[in-house]
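Open the model in your viewer and keep the selection tool ready. Each stop tells you what to pick and what to look for.

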Amino acid sequence: MAENTTSQSVWSQSLSVKTQFGLGVWLMRQTRGQLAYFIGSLIAIIAQSVLMTLTTKIFANFLNTKLSDQMTTTTRNLVIFAAIYSSWRILQSIFSYLYTFLLGRGAIRAQADIRMQIFTKLHSLGMRFFDQVPAGSLVTRTVNDTSTFWDFYFFIFSLFSALSLIVGSFVGLFLSNVYVSSWLLLIFPIIIVILFVYQRFSSSIFRGMRAKLSELNAKIAESISGISVIQDFNQEARFSDDFSRENDNYFHARYRMIRADALIDISRDLTGGLALALAMALLGQLSLNNAIAAGTIYAVINYISAIFEPLRNITNQMSVLQEATVSAYRVKNLLSEDEYDPRQNANATGKITRGKIEFRNVSFSYDGENQILKNISFVAEPGQTIAFVGHTGSGKSSTINALMRFYEFDSGQILIDDIDIRDIDPKSLREQMGLVLQEPFLFYGDLAFNIRMYDDSLSDTAVATAARLVGADKFIDKLSNGYQTLVNENGAGFSAGEKQLISFARTIAHDPKILILDEATSHIDTASESLIQESLLKIQENRTTIAIAHRLSTIKHANLILVLDKGQIVEQGTHAELISKGGYYAELIALQNKA
Ligand SMILES: Nc1ncnc2c1ncn2[C@@H]1O[C@H](COP(=O)(O)OP(=O)(O)OP(=O)(O)O)[C@@H](O)[C@H]1O
């Protein structure tokens, strides 16, 4: 796995300048599709600077020649001055609008494109990846991290803007007064030192602040998820104390950041004041010999302000740069994630037509070390039902994980319709294997949508038929909106049994050749179970079924029962055969009957 995709601890690392630069370049490359907007914005920035430099010079000349004394200060000249000034202001506003609009448009599109890349990537990754990365952190990556990129693009363009204004202002300053401008160049090393020191300190303060925020978020998430346990064990006060500590830690980290920001503000403003004072002193010194025209003073003040104003924006946004580079680091790592396994062979075109399943000495581990399945072999002929039973942790679900190609197995062979599973077309594999999980998942939408699952070829009648087949119609018909009843996030508002029935209907509506029931009836009460048991028998007709059940009564009819223990098949036979054998299975049945 690519480094650090999973952890929040990236905040505690210091990214080298080279890495940060590389991430900046990577972020800029993501804007390739939006080049027209970004170039348009750049042109608007340059136009603003050129306009500022030129008009300041024009005003200075105008003041010196046309408004310098009572002779030249005519109404006509004042009107001309007002007209040029207003035109400048209007043009500046238009360029400023274009800059913000074009950059904003390009930035949000680039952001949306990166979000899409992440989403597509997530759907291509294997289950092993999701075992290691909590869903919450992937949501953060897709939504929060990408949202910082907008600020990054604005920061980069603020830098361009500052640079062009500073260059323009210095050109203007030199044209106005070479002597003063040369002295003012001395201010630059001071500015650079201030920015450098701030960047060094703020980056570690900022990272500390973000690390504390992550801890705070984790504390909130944990206490909300475990609220019932906390209340049950009367631990509200203890959790409150813990939270208070984390809250204070974040407060102090944030406070340090505010102090650093205030310090940079004051240093920058003092340097700006120093530059202005120096310029005034130098002009004063010059005026002892020759009178300095008002226009020149106006121009010098204007240019100096134009140098320091953009610096304010840059220093205000420097922490954003930190955030965006760390976010880019995490997003880039996720996008280069290579946990794709399992992969099908090249040109895998095999099709599932009958539903025969064969495991030949299959061994499997999740971590490459601890074998969870050891030499599993069995054959399920088309239409047969094979059941797995065994204690918790014996490897029943892992067998299904290997069969569904959620994880790659280590050795042996799995064949479907006598074709190696790696040679079967992935589409056929997914279409012909219908999986019903212990925890059914319902999507936001209506009930019909949840059964149809984007398959528009399924008519309303087909949806209703599938629901009827599994017995879901009984509760759906009682709902005032029937199949159009809205399902909220993960089916809140429906009982576990009802949700399971919908997931049954969904699977059956797609008519798979192979049915996989992973403890599918565990959430259905005994009364409902007998009701759907009949339906299950019906839907298993003409389908190969692999069933896992804790309630052994549900798999009595199976053609073959495989008893697993510590990843090995320890017994196999029909229900009657295994009972008469009086071994492991008979023991399990006896245990369950006692309970
Ligand atoms: N995603 C995973 N990553 C690592 N180990 C896992 C994973 N899933 C299961 N295991 C381990 O594999 C072993 C077998 O688990 P499995 O879920 O296959 O058992 P099971 O028989 O289905 O259990 P249960 O009846 O409790 O569902 C267990 O020791 C479990 O801890």
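This is a predicted model: local features need pLDDT of at least 70, side-chain atom pairs count only at pLDDT 80 or more; totals for chains, interfaces and linings use all residues.

D511 sits in the loop between α16 (496–509) and β9 (514–518). Now check its backbone. Phi of D511 is positive, near 50 degrees, and the residue is not a glycine.

**Next loop: Y454**

Select Y454, in the loop between α13 (447–452) and α14 (460–470). Y454 is not a glycine either, yet its phi is positive, about 70 degrees. Is Y454 buried or exposed? Y454 counts as exposed, because it has 8 C-beta neighbours inside 10 Å.

**Zoom out: the whole chain**

Look along the principal axes: the C-alpha atoms fill a box of roughly 120 × 50 × 50 Å. The radius of gyration is 35 Å, whereas a compact globule of 595 residues would have one near 25 Å. Colour by burial next. Buried residues make up 33% of the 595 residues. Then turn to contacts between residues at least 6 apart in sequence: 81% of them join residues at least 24 apart.

**The annotated segments**

Keep two of them on screen. Residues 180–198 are 89% helix and 0% strand, with end C-alpha atoms 28 Å apart. Residues 290–308 are 79% helix and 0% strand, and their end C-alpha atoms are 28 Å apart.

**Last stop: two crossing helices**

Select α1 (residues 17–29) and α10 (residues 294–335). Two packed helices are described by the angle and the distance between their axes. At what angle do the axes of α1 and α10 cross? They cross at roughly 75 degrees and come within 9 Å. That angle makes α1 roughly perpendicular to α10. Now show the side chains where they meet. From α1, pick Q20, L23, G24, W26 and L27. From α10, pick T325, A328, Y329 and K332. Colour this contact by class: it has five nonpolar, three polar and one charged residues.

How values were computed:
Residues are numbered from 1 along each chain as its sequence is written. The radius of gyration is taken over C-alpha atoms; the globule rule is 2.2 Å times the number of residues to the power 0.38. A residue is buried if 20 or more other C-beta atoms lie within 10 Å of its own, exposed if 12 or fewer, and partly exposed in between; C-beta atoms are placed from the backbone. Two residues are in contact if their C-beta atoms, placed from the backbone, lie within 7 Å. Helices (H or I, at least four residues) and strands (E, at least two) are DSSP runs, numbered from the N terminus. Axes are lines fitted to C-alpha atoms, for helices over the stretch in contact, and angles run from 0 to 180 degrees between N-to-C directions. Angles under 35 degrees count as roughly parallel, over 145 as roughly antiparallel, 65 to 115 as roughly perpendicular and the rest as oblique. Ala, Val, Leu, Ile, Met, Phe, Trp, Tyr, Cys and Pro count as nonpolar, Asp, Glu, Lys and Arg as charged, and the others, Gly among them, as polar.
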